[in-house]
Amino acid sequence: MPLAALLGLGPSELGNIFSFSPKVKPENCVLFGVRDIDAAERANILRSGIHVFTMRDIDERGIRSLMEEALWIVSKGTTGYHVSLDMDWVDPEDAPGVGTPVRGGATYREAHLAMEIIADRGGMLSFEIVEINPVLDEKNRTAELAVELTASAFGKKIL
């Protein structure tokens, strides 16, 4: 819903805040690691013209190549970009405490590599993590991973 509103596809009460819409250009938006979307989301994605990289794309082309392409897209003609890390993107084996756990998500290492590439590339202006459900979490694993991924996105390195 937030992205739809920013693109001017959501309710006008949200999309027209500050009396202009869209807030972001679809050609500078990327959904990364998509694997499970509902019919309404699919229709909005296809109508919007935003770029989408599915988990199949990651499997076929590799996370580094796609992250570099995604960061080029969101940076082209902009002063920077926002990252919304949806913990549903990570496989429930590594992140069980999410609202919509779907098998086949990013592995622990893929998620870290994606965040490390963001840090290396620079240009991130804002960052959020969404979809952590502590009630469904197992021994705080998802929340701890979210903290680790945040650290990677902000430049924590192995060495």
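Is arginine 64 buried, partly exposed or exposed? In this predicted model, arginine 64 is partly exposed, with a relative accessible area of 41%.

**The nonpolar core**

The largest nonpolar core has 31 residues, and Phe32, Met87 and Trp89 touch the most other members. At least two core residues come from each of α4 (55-61), α5 (63-75), β3 (81-86), α6 (108-121), β4 (124-130) and α7 (141-153). Helix α5 gives the largest share, seven residues. As a general pattern, nonpolar side chains in soluble globular proteins tend to be buried together.

**Salt bridges**

The structure holds six salt bridges, including those in the table.

| Pair | N to O distance |
|---|---|
| Glutamate 68 and arginine 64 | 3.0 Å |
| Lysine 157 and aspartate 120 | 2.6 Å |
| Arginine 141 and glutamate 138 | 2.9 Å |

Lysine 157, in the segment after α7, and aspartate 120, in helix α6, are 37 residues apart, and the pair links distant parts of the chain. Glutamate 68 and arginine 64 both sit in helix α5; because they are four residues apart there, about one helical turn separates them. Glutamate 68 is partly exposed, at 43% relative accessibility. In the remaining pair of the table, arginine 141 is partly exposed at 32% relative accessibility, and glutamate 138 is partly exposed at 42%.

Conventions: Residues numbered from 1 in each chain as written. Predicted model: local features only at pLDDT ≥ 70, side-chain atom pairs only at ≥ 80, totals over all residues. Heavy atoms only, no water. Core = buried A, V, L, I, M, F, W, Y, C linked by side-chain atoms within 4.5 Å. Buried < 20%, exposed > 50% of the residue type's maximum accessible area, 1.4 Å probe, protein only. Salt bridge = Lys/Arg side-chain N within 4 Å of Asp/Glu carboxyl O.
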